[in-house]
Amino acid sequence: MSVTGVPDNPYPADIINLSLGGSGSCPSTYQNVINTLTTMGVLVVASAGNESGPVDAPANCSGVLAVAGLRNVGTKVGYSSLGPEVGVSAPAGNCVNLSGACLRSIDTTINFGLTTPGANGYTDETNPNLGTSFSAPIVSGVAALMRAVNSNLTPPQLIARMKSSASPFPPNSGNLPVCPKVDSMTESAPACRANAARAWSTR
């Protein structure tokens, strides 16, 4: 999208990951931008939230692929928000112990520079990172694989194929949506686990 006084980007993103969110319904300003991006062929992927409640904005906006969080055994992690807006789920990390090192953290690398490269760092069990902010970029990466195979896939097609190729939650997962096999690209498989191998091979 053009910005006054800023040269156009010759390599615009066609998948945008938003590892952020706020409570409340989707603001009209958000929805207007998402509608424009979708028309331009850009897929928006967003974190569902970490409040164990309703899905955050912008993940609850129409046309966004909202991503919930999974614990290490493949079930929804307790803190992850969940609702009908969620398309698929992906690992978010969980500390199964009450003290000591976090046994199921999401290990990441980081650079602390703000405008230029700075010191490098990382997170691990003693300095853990958890949340759907890590689930969303995993799904964004799967969407990028799908676009690498078929660059003509539209955002609605990417979302539908991501859902249809998802894996069900493990048996006895508690009060979670049932994830049936979905044959139609227009049907919804609620919040099932993203399956990269099946998704990118779906033509």
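1. The protein contains 4 helices and 7 strands. Along the sequence these elements follow the order β-α-β-β-β-β-β-α-α-β-α. The model is a predicted one, and the remarks below should be read accordingly.

2. Of the 203 residues in the protein, 40% are buried. The accessible surface amounts to about 10,900 Å², and carbon and sulfur atoms account for 56% of that surface. As for contacts between residues at least 6 apart in sequence, 60% join residues at least 24 apart.

3. Helix α2 covers residues 132-149. The buried residues of α2 are Thr 132, Phe 134, Ser 135, Ala 136, Val 139, Ser 140, Val 142, Ala 143, Met 146 and Arg 147.

4. The structure has 1 salt bridge. Arg 147 and Asp 14 form a salt bridge, with their closest N and O atoms 3.4 Å apart. The pair connects distant parts of the chain, since Arg 147 lies in helix α2 and Asp 14 in the segment before β1 (15-18), 133 residues apart. Arg 147 counts as buried because its relative accessibility is 9%, under the 20% limit. Asp 14 has a relative accessibility of 36% and therefore counts as partly exposed.

5. Met 40 is located in the loop between α1 (28-39) and β2 (43-47).

Note on methods:
Residues are numbered from 1 along each chain as its sequence is written. This is a predicted model: local features need pLDDT of at least 70, side-chain atom pairs count only at pLDDT 80 or more; totals for chains, interfaces and linings use all residues. Side-chain values use heavy atoms; hydrogens and water are left out. Helices (H or I, at least four residues) and strands (E, at least two) are DSSP runs, numbered from the N terminus. The expected span of a helix is 1.5 Å times one less than its number of residues. Buried means under 20% relative accessible area, exposed over 50%, partly exposed in between (1.4 Å probe, protein chains only). Contact means heavy atoms within 4.5 Å. Accessible areas come from the Shrake-Rupley method with a 1.4 Å probe; for residues, only the protein chains shown count as cover. A salt bridge is a side-chain nitrogen of Lys or Arg within 4 Å of a carboxyl oxygen of Asp or Glu.
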